[in-house]
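Me: I would like to go through this model with you, starting with its charged pairs. Please keep the answers plain.

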Amino acid sequence: MALSAWHAKDGTTWLLETVWVLVGLPLVVLVRRRFPLTRLLYCLLAAHALVLAVGGHYTYAQVPLGDWVRDTFGLDRNPYDRFGHLMQGFVPAVLVREVLSRTSPLRGSRWLAPLTVCACLAFSALFEMFEWAAAVIGGHGADAFLATQGDVWDTQWDMFCALIGATVSVLVLRRVHDRQLDALATPRPSGN
């Protein structure tokens with residue numbers, strides 16, 4: 001996080017993009033003994049923090065890797081923003097699924113997957129409202145945070161990418177996540 005803040009292209013954008021890590025990391029550390037997470041979720045949260053830190057440092061529209069992808073594949077825009085929104089669905093899906101599996105009667109229910117995806121889509125819509133508020137408050141000063149790159153459908157694409165990310169996450173990671181949830185629920189033998 002410190003590296004991403006150092007010489008960031010826009011300090012306000014860096015803060016707006018990384019606030020989730022600045023709030024989430026201390027929260028995860030604070031509750032780790034009472035509510036430890038699966039190894040899968042810890043790894044995904046770290047990967048998502050990295051994506052947010054890189055996007056915050058450069059602004060999503062100017063991430064060099066995204067420029068390379070745009071130029072290599074002849075795209076109209078830097079796709080790092082789309083990747084960030086895929087992650088905005090993919091990682092929180094595991095978080096939502098884990099919390100619901102451990103704190104509600106939904107574990108093993110057919111409703112777990114669709115409710116997880118719906119929660120991620122709702123968060124994505126809420127995030128788009130934050131972007132809208134930033135645009136209203138900051139005017140053109142919020143352009144780096146919005147990363148629309150001239151796309152009038154950017155909001156809809158962002159939510160669609162989060163929907164795809166959440167759906168893929170639930171479908172692909174379900175079994176490995178369930179095994180780790182089972183291992184987490186199994187009491188460890190005492191060291192006597």
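Me: What does Glu 98 form with Arg 102?
Reply: Glu 98 forms a salt bridge with Arg 102, and their closest N and O atoms are 3.5 Å apart. A salt bridge here is a side-chain nitrogen of Lys or Arg within 4 Å of a carboxyl oxygen of Asp or Glu. The model is predicted: local features need pLDDT of at least 70, side-chain atom pairs count only at pLDDT 80 or more, and totals for chains, interfaces and linings use all residues. Residues are numbered from 1 along each chain as its sequence is written, and side-chain values use heavy atoms, with hydrogens and water left out.

Me: How many residues apart are Glu 98 and Arg 102 in helix 5?
Reply: They are 4 residues apart in helix 5, so about one helical turn separates Glu 98 from Arg 102. Helices are DSSP runs (H or I, at least four residues), numbered from the N terminus.

Me: Is Glu 98 buried or exposed?
Reply: Glu 98 counts as buried because its relative accessibility is 0%. Arg 102 is partly exposed, with a relative accessible area of 31%. Buried means under 20% relative accessible area, exposed over 50%, and partly exposed in between (1.4 Å probe, protein chains only).

Me: Which residues do salt bridges that share partners join into one network?
Reply: Arg 77, Asp 81, Arg 82, Asp 154 and Asp 158 are joined into one network. Within it, the side chains of Arg 82 and Asp 154 meet at 3.1 Å, N to O. That pair links distant parts of the chain, with Arg 82 in helix 5 (residues 80-103) and Asp 154 in helix 8, 72 residues apart. Arg 82 also forms a salt bridge with Asp 158, at 3.5 Å between the closest N and O atoms. This second pair again connects helix 5 to helix 8, across 76 residues.

Me: And are Arg 82 and Asp 158 buried or exposed?
Reply: Both Arg 82 and Asp 158 are buried. For Arg 82 the relative accessibility is 13%, and Asp 154 is buried at 1%.

Me: Changing topic: at what angle do helix 3 and helix 8 pack?
Reply: Helix 3 (residues 39-58) and helix 8 (residues 154-185) pack at about 125°, with their axes 8 Å apart. Axes are lines fitted to C-alpha atoms, for helices over the stretch in contact, and angles run from 0 to 180 degrees between N-to-C directions. Helix 3 is therefore oblique to helix 8. Angles under 35 degrees count as roughly parallel, over 145 as roughly antiparallel, 65 to 115 as roughly perpendicular and the rest as oblique.

Me: Which residues make the contact?
Reply: Arg 39, Leu 40 and Leu 44 of helix 3 make the contact with Leu 173, Val 176, His 177 and Gln 180 of helix 8. Contact means heavy atoms within 4.5 Å.

Me: Now the backbone. What is phi of Thr 59 near?
Reply: Phi of Thr 59 is near 75°, a positive value in a residue other than glycine. Most residues other than glycine have a negative phi. Thr 59 lies in the loop between helix 3 and helix 4 (64-73), and its relative accessible area of 4% makes Thr 59 buried.

Me: What about phi of His 7?
Reply: Phi of His 7 is also positive, near 60°. His 7 is found in the loop between helix 1 (2-5) and helix 2. At 60% relative accessibility, His 7 counts as exposed.

Methods: Helices (H or I, at least four residues) and strands (E, at least two) are DSSP runs, numbered from the N terminus.
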